[in-house]
Amino acid sequence: MPSMAERYQTNLEAAVAPLIDGPLVIATIGSPVGSMGNLFRAQAFNLGMAAGGGDYRASGMTSGKIRQNDIKDVRLPTSFAVAVTPTSVYFFKWKPFWGRVKIKKQLVQVPREGLQVRIAKGKATATTFVLVSETVGVRTAFEMATLGMAAAKDLVTRVVDAFGPEIASSGTAPSSDD
């Protein structure tokens, strides 16, 4: 029988698939940088974002929002779905319920062309992703928790791999220490 984390991951991928522009590279759950609420969610489901020791500059830069030039900023909920395709990164409002996932609405779609991603390992066993696209004027940051769990660390590694071209274009390499 699959674990609760595996059920959430499978159902998340199935829920976002009809809402995206191409094949799904990876889907995950994120939280704004420094969000405490997801610490417990990550513990329970092996996915999500961590609290506490993230990059406060990233937190201050985005203030829990997706900043957009010339368009109203989008406030990120306590946890949200992130889906990566070969051409875009999507942010969705979601609702989990006993292994099931409901996508409530799309928050924003960011084209990957011109996107730069920086990754920082946080102090609370979290990984922070900072996404900046000068091309479309978007910047945001989110965290994923590992909390010492192998399945969560594997998911973070898969997200880092999915952002490989954008990490290379930003001139930064993720930290390899666990």
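Among contacts in the protein chain between residues at least 6 apart in sequence, what percentage join residues at least 24 apart? In this predicted model, the share is 58%.

The protein chain contains five helices and nine strands. Of its 178 residues, 48% count as buried. Its accessible surface comes to about 8500 Å², and carbon and sulfur atoms account for 54% of that area.

The neighbour of β1 is strand β4 (residues 80-84): five bridges join the two, which run antiparallel. Within this pairing, Ile29 stands opposite Ala81 of β4. The loop between β3 (74-75) and β4 holds Thr78. This residue is partly exposed, its relative accessible area being 42%. Thr78 and Lys93 are 15 residues apart along the chain, and their C-alpha atoms are separated by 9.5 Å.

Strands of a sheet pair through backbone hydrogen bonds, in either a parallel or an antiparallel manner. An open sheet of five strands shows antiparallel pairing in the order β3-β2-β9-β8-β7. Because β3 and β7 stand at the edges with a single partner strand each, one side of each is left without a neighbour in the sheet. Further in, strand β2 (residues 65-68) is joined to β9 by two bridges, and these strands run antiparallel. One such link has Gln68 with Val138 in β9 as its bridge partner. Helix α4 packs on the sheet and touches β7, β8 and β9. The direction of α4 makes about 155° with that of β9.

In soluble globular proteins, nonpolar side chains tend to be buried together. Here the largest nonpolar core has 27 residues. Those with the most contacts inside this core are Val89, Phe91, Val117, Phe129, Leu131, Phe142 and Phe163. Several elements each supply at least two of the core residues, including β4, β5 (88-97), β6 (100-111) and α4 (150-162). The greatest contribution, five residues, comes from α4. Another core, of 14 residues, lies apart from this one, and among its members are Leu12, Ala15, Ile29 and Ala83.

Tyr8 and Trp94 form one that is edge-to-face, at 6.3 Å centre to centre with 80° between the planes. This pair links distant parts of the chain, Tyr8 lying in helix α1 (residues 4-16) and Trp94 in strand β5, 86 residues apart. Tyr8 counts as buried because its relative accessibility of 3% is under 20%, and Trp94, at 7%, counts as buried too.

The rings of Phe80 and Phe91 have centres 5.8 Å apart and planes at 50°, so this pair is tilted. Since Phe80 belongs to strand β4 and Phe91 to strand β5, the pair ties together parts that are eleven residues apart in sequence. Phe80 is buried at 0% relative accessibility, and Phe91 is buried with a relative accessible area of 0%. Ring pairs also link Phe80 and Phe91 with Phe129, Phe142 and Phe163 into a cluster.

Definitions and conventions. Residues are numbered from 1 along each chain as its sequence is written. This is a predicted model: local features need pLDDT of at least 70, side-chain atom pairs count only at pLDDT 80 or more; totals for chains, interfaces and linings use all residues. Side-chain values use heavy atoms; hydrogens and water are left out. Two strands pair if DSSP finds at least two bridges between them. Helices (H or I, at least four residues) and strands (E, at least two) are DSSP runs, numbered from the N terminus. Buried means under 20% relative accessible area, exposed over 50%, partly exposed in between (1.4 Å probe, protein chains only). Contact means heavy atoms within 4.5 Å. Accessible areas come from the Shrake-Rupley method with a 1.4 Å probe; for residues, only the protein chains shown count as cover. A nonpolar core is a set of buried Ala, Val, Leu, Ile, Met, Phe, Trp, Tyr and Cys residues joined through side-chain atoms within 4.5 Å. Axes are lines fitted to C-alpha atoms, for helices over the stretch in contact, and angles run from 0 to 180 degrees between N-to-C directions. Rings of Phe, Tyr and Trp (its six-membered ring) pair if their centres lie within 6.5 Å; planes under 30 degrees apart count as stacked, over 60 as edge-to-face and the rest as tilted.
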